[in-house]
Amino acid sequence: MAILSGYIEDEDNKQSSTSSALSFNAVLDPSNPLGFLESAFNFVSENSDMFNTDSVEKKISSLVKNIKERTMKEEAAKKEHETKEKEEIKEKPKPKPKLNPNKDNGLDMENHSWGQNLQEVTATVPVPLGTKSRDVICDVKKDYLKVGLKGQTPIVDGQLFETVKPNDSYWSLEDQKVIYLLMTKCDKTSWWKSLLKGGPEIDTQKAEPDKSKLSDLDMETRSTVEKMMFDQRQKQLGLPTSQETENQNMLKKFIAQNPNFDITNAKMF
């Protein structure tokens, strides 16, 4: 139920600024809108000569028609918007589920397997027994890989997930039945989620560096790897990472040195 307050001007008000405005108060009951209109018409009838004119029915009919057309357009626009939103929701691609990595921190695919450590990416591609090296095609570029046999559809073909160093990469044919490929990463501080862009992705938080090889790394790389391992464990436990802990310590130190400083509205970066 709604209460409408307003005023109405008589017909002559359009031509004379001396006409007085009258207040109109009415209560709208949504279950009986005609009752509200009847009250409004009675008010107009009592305070103006609008209903004494021959054109009143035509004017009211025109007004109702205009309001009806406007309402129908608004309703149609609303339905169109709702339909469009539903279609966008349907068309929106769902995020691909992240898979658990295999023992080599990669993934076993239908026609090949791949693995990695922080320095290198490896791939093994089974081929028919008796395959010769001269039959193998292995094209490694900075951001592209193609592996297969001559005269056949490539077994692995696509853009690499990250970049590699082609001159520091090589392949070999093992026992005439498996192509083994090793590629050196350009970025030796991060895990690849997939061998090729657009392929199934692994959960890199579950990737585990080979601890036995940490001692072989230079101090800077080893420090980075150990920091990554620590941060991964902290995230899995819902605890602050090393960077978050460092930020908290810096904030505590700043507050201790500036006890009168109000940080309530301070922005944290």
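Trainee: How many helices and strands does the chain have?

Mentor: Keep in mind that this is a predicted model. The chain has 4 helices and 10 strands. Going along the sequence, they come as β-β-α-α-β-β-β-β-β-β-β-β-α-α.

Trainee: What share of the residues counts as buried?

Mentor: Buried means under 20% relative accessible area. Here 25% of the chain's 269 residues count as buried. As for the surface, the chain exposes about 19900 Å², and carbon and sulfur atoms supply 51% of that.

Trainee: Which strands form a sheet, and in what order?

Mentor: With a sheet, you look at who pairs with whom. In this chain, 5 strands make an open sheet, ordered E3-E4-E5-E10-E9, with antiparallel pairing. Strand E3 (107–108) and strand E9 (164–174) are at the edges with a single partner strand each, so one side of each has no neighbour in the sheet. For a pair to zoom in on, take strand E4 (residues 113–116) and strand E5 (residues 120–126), which are antiparallel and share 4 bridges. Trp114, for instance, has Ala123 in E5 as its bridge partner.

Trainee: Now a helix. Which residues of H1 are buried?

Mentor: Helix H1 covers residues 33–47, which is 15 residues. From first C-alpha to last, H1 reaches 22 Å, close to the 21 Å expected at 1.5 Å a residue. Its buried residues are Phe36, Ala40, Phe43 and Val44. Looking down the axis of H1, you'd find the buried residues within an arc of 95°, so they line one face of the helix. Exposed residues Leu34, Glu38 and Glu46 sit on the face turned away from that buried side.

Trainee: And how many salt bridges does the structure hold?

Mentor: For a salt bridge, you check whether a side-chain nitrogen of Lys or Arg is within 4 Å of a carboxyl oxygen of Asp or Glu. The structure holds 3. One of them joins Arg70 and Glu74, at 4.0 Å from N to O. Both residues belong to helix H2 (residues 56–91) and are 4 residues apart, about one turn of the helix.

Trainee: Is Arg70 buried, partly exposed or exposed?

Mentor: Partly exposed, at 49% relative accessibility. Another salt bridge links Asp104 and Lys103 at 3.4 Å. There, Asp104 is partly exposed at 38%, whereas Lys103 counts as exposed at 76%.

Trainee: What about Lys141 and Asp139?

Mentor: Their side chains meet in a salt bridge too, at 2.7 Å from N to O. Lys141 is partly exposed, at 41%, and Asp139 is partly exposed, at 25%.

Key
Residues are numbered from 1 along each chain as its sequence is written. This is a predicted model: local features need pLDDT of at least 70, side-chain atom pairs count only at pLDDT 80 or more; totals for chains, interfaces and linings use all residues. Side-chain values use heavy atoms; hydrogens and water are left out. Helices (H or I, at least four residues) and strands (E, at least two) are DSSP runs, numbered from the N terminus. Buried means under 20% relative accessible area, exposed over 50%, partly exposed in between (1.4 Å probe, protein chains only). Accessible areas come from the Shrake-Rupley method with a 1.4 Å probe; for residues, only the protein chains shown count as cover. Two strands pair if DSSP finds at least two bridges between them. The expected span of a helix is 1.5 Å times one less than its number of residues. The arc is that of the directions from the helix axis to the C-beta atoms.
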